[in-house]
Amino acid sequence: MPRKIIIDTDPGQDDAVAILLALASPEEIEVLGITAIAGNVPLELTAKNARIVCELAGRTDIQVYAGCDRPMNRPLITAEHVHGKSGLDGPVLPDPEMPLAQGHAVDFIIETLRAHAPGTVTLCPLGPLTNIATAFRKAPDIIDRVQEIILMGGAYFEVGNITPTAEFNIYVDPEAADIVFRSGVHIVVMPLDVTHDALVTPHRNDAFRALDSKVGHAVAEMTDFFERFDKEKYGSEGAPLHDPCVTAYLIQPDLFSGRHINVEIETQSELTLGMTVADWWRVTDRTPNAMFMGDVDAQGFFDLLTERLARL
Ligand SMILES: [Ca+2]
């Protein structure tokens, strides 16, 4: 039985690849819907980009909902410096013809969790956690119904990418992240510690291009684009492909390893706002609330990704 998931996302080139991987893997993953959130770029663009990606995959049947257009208590911070003005800079892709689904993403999340048996729907947030936290606050009855949350966000050893101590998704809406991490739902975290090992080397990007399909070329051009920024920033041999770690975990969890530990979110300090305070060394008696990943079989991850993208 495939896992039923909702992808909550702010595409973003790496979000796009995560969505494509999910849509290419129907044996393991059933996408109940995609909810867009403001993050890498404003909501209007993420809601559009999510549909562009569905159309690229030939899946105009997927329902895409627009969600919150700003964090719970703060102005929106975006990342055009990484993803380009459109959020999906790189390939030239047509504007979507499929319409947005009617209704708000938060209500879709609530209604979907209520409509399915408890413990059968997994949430996969790939952006700031505003939609998820807003749904939990509006309808606390759904919290116990969530099977699992598998998210990209945070960092421990890699510390931060938007400030010296914070990863972008958590930093944009730390109050929302705090609500999610305190919710009691079982959480799997793909932090920078993992995603900074999932590097798109030239060889790996050539493998996408060599698929010689619309999807293969689009993915190669997307990763080409944000590599320019990341290579300069990190001096690494390629850019990290963050979000597909979430969907890869649903297909092949043994690619990843980590520790079940306590993770709390800094919401007060100006200096360390949005830090994921991860008790990796278990030096407190705070209750573990998250499976915090620390390692990935990077070549296995890219082999899986290339094999699955070849299906689209
Ligand atoms: Ca994202």
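This is a predicted model: local features need pLDDT of at least 70, side-chain atom pairs count only at pLDDT 80 or more; totals for chains, interfaces and linings use all residues.
1. Ground rules. Local features need pLDDT of at least 70, side-chain atom pairs count only at pLDDT 80 or more, and totals for chains, interfaces and linings use all residues. Residues are numbered from 1 along each chain as its sequence is written, and side-chain values use heavy atoms, with hydrogens and water left out.

2. The calcium ion. Its protein donors are Asp10 (OD), Asp15 (OD), Asp15 (OD), Leu126 (O) and Asp243 (OD), at 2.2 to 2.5 Å. Donors here are N, O and S atoms within 2.8 Å of the metal (3.2 Å for Na, K and Ca); water is not among the atoms, so sites may look incomplete. Along the sequence the donor residues follow the spacing D-x4-D-x110-L-x116-D. Asp15 sits in helix H1 (residues 13-23) and Leu126 in the loop between strand S4 (121-125) and helix H5 (130-138), so this pair ties together parts that are 111 residues apart in sequence. Helices (H or I, at least four residues) and strands (E, at least two) are DSSP runs, numbered from the N terminus. Asp15 and Leu126 are both buried; buried means under 20% relative accessible area, exposed over 50%, and partly exposed in between (1.4 Å probe, protein chains only).

3. Most residues other than glycine have a negative phi, and most peptide bonds are trans. Pro11 and Gly12 are joined by a cis peptide bond, with omega about -10°, and Gly12 is in the loop between strand S1 (3-9) and H1. Val159 isn't a glycine, yet its phi is positive at about 60°; look for Val159 in the loop between strand S5 (146-152) and helix H6 (168-172). Arg282 also has a positive phi, near 50°, and lies in the loop between S11 and S12.

4. Surface patches. Glu158, Asp197, Asp254, Asp295, Asp297 and Asp303 gather in a patch of negative charge. Phe157, Trp281 and Val283 make a nonpolar patch with about 380 Å² of accessible area together. Patch members have over 30% relative accessible area and no salt bridge; like charges are joined within 9 Å, nonpolar side chains (Val, Leu, Ile, Met, Phe, Trp, Tyr) within 5 Å. Areas come from the Shrake-Rupley method with a 1.4 Å probe, and for residues only the protein chains shown count as cover. Lys and Arg count as positive and Asp and Glu as negative, leaving out His and the chain ends; a charge is placed at NZ of Lys, CZ of Arg, CG of Asp or CD of Glu. Asp197 is partly exposed at 37% relative accessibility, whereas Val283 is exposed at 69%.

5. Salt bridges. The whole structure has 16 of them, each being a side-chain nitrogen of Lys or Arg within 4 Å of a carboxyl oxygen of Asp or Glu. Arg182 pairs with Asp178 at 2.8 Å, N to O; Arg182 is exposed at 58%, while Asp178 is buried at 16%. Arg209 and Asp206 have their closest N and O atoms 3.7 Å apart, and both lie in helix H9 (residues 202-209), about one turn of the helix apart.

6. A link across sequence. Glu264 and Arg286 form a salt bridge at 3.7 Å, N to O. Glu264 is in strand S10 (residues 263-265) and Arg286 in the loop between S11 and S12, so the pair ties together parts that are 22 residues apart in sequence. Salt bridges with shared partners also join Glu27, Glu28, Glu307, Arg308 and Arg311 into one network.
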